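The sequence and structure come first, followed by the notes.

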Amino acid sequence: MIYPTRLAVLAAAAGAPVAMLVALQMADRWYVALGWPVLVLVGTLIDAVLAISTRDLDALLTLPRAASIGAEVEALVSVTATARGAPRRAEVAIASDALVSILDDGRATVELSGGRGAVALPVDTVRRGTARFAHVWVRWRGPLGLIWKGKRIDSDASLAILPDIRPVHEKGARIFQRHALQGLMVQLDRGDGTDFDALIEYRSGMDRRAIDWKQSARHLKLHAKEYRTERNNQIVFAVDSGRQMSEPVAGMPRIDRAVGAMLLTGWVALKLGDRVALHSFDSRPRIASGLISGVGAFSELQRLAAKIDYSGDETNYTYALTTLAARLTRRSMIVLFTEFTDLTSADFMIRAAAKLAEKHLLMIVVLRDEELEAIIDKAPQTPDDITRAVTAAALLKDRLLALTRLRHLGAHVIESEYDKVSDRLVQGYIDLKRRNLL
């Protein structure tokens, strides 16, 4: 793309009054007045020829792999000119979707030295998801400053935007410092479990049921079997990303609260030697990852979590959970993050959950509806307040009925405040692991 600069436009405009005077004074030689515009046009054409070709200039956009909501990261744009006569500076611009905010509309000037230069553009993350930067625009002036040459460069750069993952590391570190979890770590290696580990001498306080009478008779001393908890359990996080999960709670969508709790619990599970997978769905399955293991795989879990999108579709529990069950070949712990407000959708969810609970360990995580509870607790002032309170009480009653039915199916239900869901979920996972239910 080639177009005139402001200098070329002003130069052409400056000659207009002179051309008008010439045309008025020498009417028989009016064509002389065209000399100045033609001169500017010729200079512009010469500048276009002298400027380096678009083939000789390229740009590359580099971004971090992931960032947290509310963080500021740098988008580095590197410009390279390979031909002689490279410009001393170029202007660049980048654009993205609504997940990020870029200062000055993503525009900046790059100073080129030896045909190379780079500039860092500040990018503020606004919402969770994967922000994509499809194009980079570059333009530069010709040697005479009369034309702009521009180029649009396709880019596959993307930025995974996650809920603030700093609490994941901070909370995770605190969890592993607690006495309870430290005791669990010891217990996981040796103690209450299902896999035989070693034969040890019986000591006072040990479970008498662990005594191996045959080996005790052979050694003429009481010996007991020591077990260890099975490792490599499969933990599958099933995240409902439908319409109701996209609604906000205390200024943040429910799904973001769920993703934060999932990341913390996933980090703990990987730390304890279990394998983790992610399944996201709304009206149909959207993400179905394989199992990952090891703390080093946590970055992969972050990347997958960033792909969970907000949706306005109604959740199809039957399709999503049936598909999930078909993929699992062994008993797994399924952690289902969801939300429901009516008995119709709850009934579909309960039926699908019943099939999962027959073979797998099912844990369902929902956030307490504090808005409905506040309506009930508020003293009514008008007849409309009474109507709202009665309606809210009916909805909460239906919700309690659905959760009770899930518990009767054998599912473990966590109904938590939005700011405590991460800790409640980690504690629930640890309790189930300690009881060897996985």
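## Second largest cavity

In this predicted model, the second largest cavity is lined by Glu339, Phe340, Thr341, Asp369, Leu372, Leu395, Leu396 and Arg399. About 40 Å³ of space lies in this cavity. By residue class, its lining divides into 4 nonpolar, 1 polar and 3 charged residues.

Helix H11, residues 383–408, gives the most to the lining of the second largest cavity, contributing 3 residues.

## Largest cavity

The structure holds 2 cavities of 30 Å³ or more. The largest cavity has about 70 Å³ of space. Its lining consists of Met245, Arg254, Arg257, Ala258, Phe337, Thr338, Glu339, Val365, Val366, Leu367 and Val421.

Helix H6 and strand E19 (361–367) each supply at least two residues of the lining of the largest cavity. The lining residues divide into 7 nonpolar, 1 polar and 3 charged.

## Packing of H9 and H11

Helix H11, which contributes to the second largest cavity, also packs against another helix. The axes of H9 (residues 343–359) and H11 come within 10 Å and cross at roughly 5°. An angle under 35 degrees counts as roughly parallel, and H9 is therefore roughly parallel to H11.

On the H9 side the contact is made by Leu343, Ala346, Asp347, Met349, Ile350 and Ala353, and on the H11 side by Asp398, Ala402, Arg405 and Leu406. The residues of this contact divide into 7 nonpolar, no polar and 3 charged.

## Packing of H6 and H7

Helix H6, a contributor to the lining of the largest cavity, spans residues 254–271, and helix H7 spans residues 298–306. The axes of H6 and H7 come within 10 Å and cross at roughly 160°. Angles over 145 degrees count as roughly antiparallel, so H6 and H7 are roughly antiparallel to each other. The crossing in which H6 passes H7 is right-handed.

Which residues of H6 and H7 meet? From H6 they are Val259, Met262, Leu263, Gly266, Trp267 and Leu270, and from H7 they are Phe298, Leu301, Gln302 and Ala305. The contact of H6 with H7 comprises 8 nonpolar and 2 polar residues, with no charged ones. The contact of H9 with H11, in turn, includes 3 charged residues and no polar ones.

How values were computed: Residues are numbered from 1 along each chain as its sequence is written. This is a predicted model: local features need pLDDT of at least 70, side-chain atom pairs count only at pLDDT 80 or more; totals for chains, interfaces and linings use all residues. Side-chain values use heavy atoms; hydrogens and water are left out. Axes are lines fitted to C-alpha atoms, for helices over the stretch in contact, and angles run from 0 to 180 degrees between N-to-C directions. Helices (H or I, at least four residues) and strands (E, at least two) are DSSP runs, numbered from the N terminus. Angles under 35 degrees count as roughly parallel, over 145 as roughly antiparallel, 65 to 115 as roughly perpendicular and the rest as oblique. A crossing is left-handed if the near helix is turned anticlockwise from the far one by less than a right angle, and right-handed if clockwise. Contact means heavy atoms within 4.5 Å. Ala, Val, Leu, Ile, Met, Phe, Trp, Tyr, Cys and Pro count as nonpolar, Asp, Glu, Lys and Arg as charged, and the others, Gly among them, as polar. On a 1 Å grid over the protein atoms alone, a cavity is a set of points where a 1.4 Å probe fits but cannot get out, and a pocket is an open set with protein on both sides within 12 Å along at least five of seven lines; lining residues have an atom within 4 Å of a point. Grid points are joined across faces, edges and corners, and a volume is the space filled by probe spheres set on the points.
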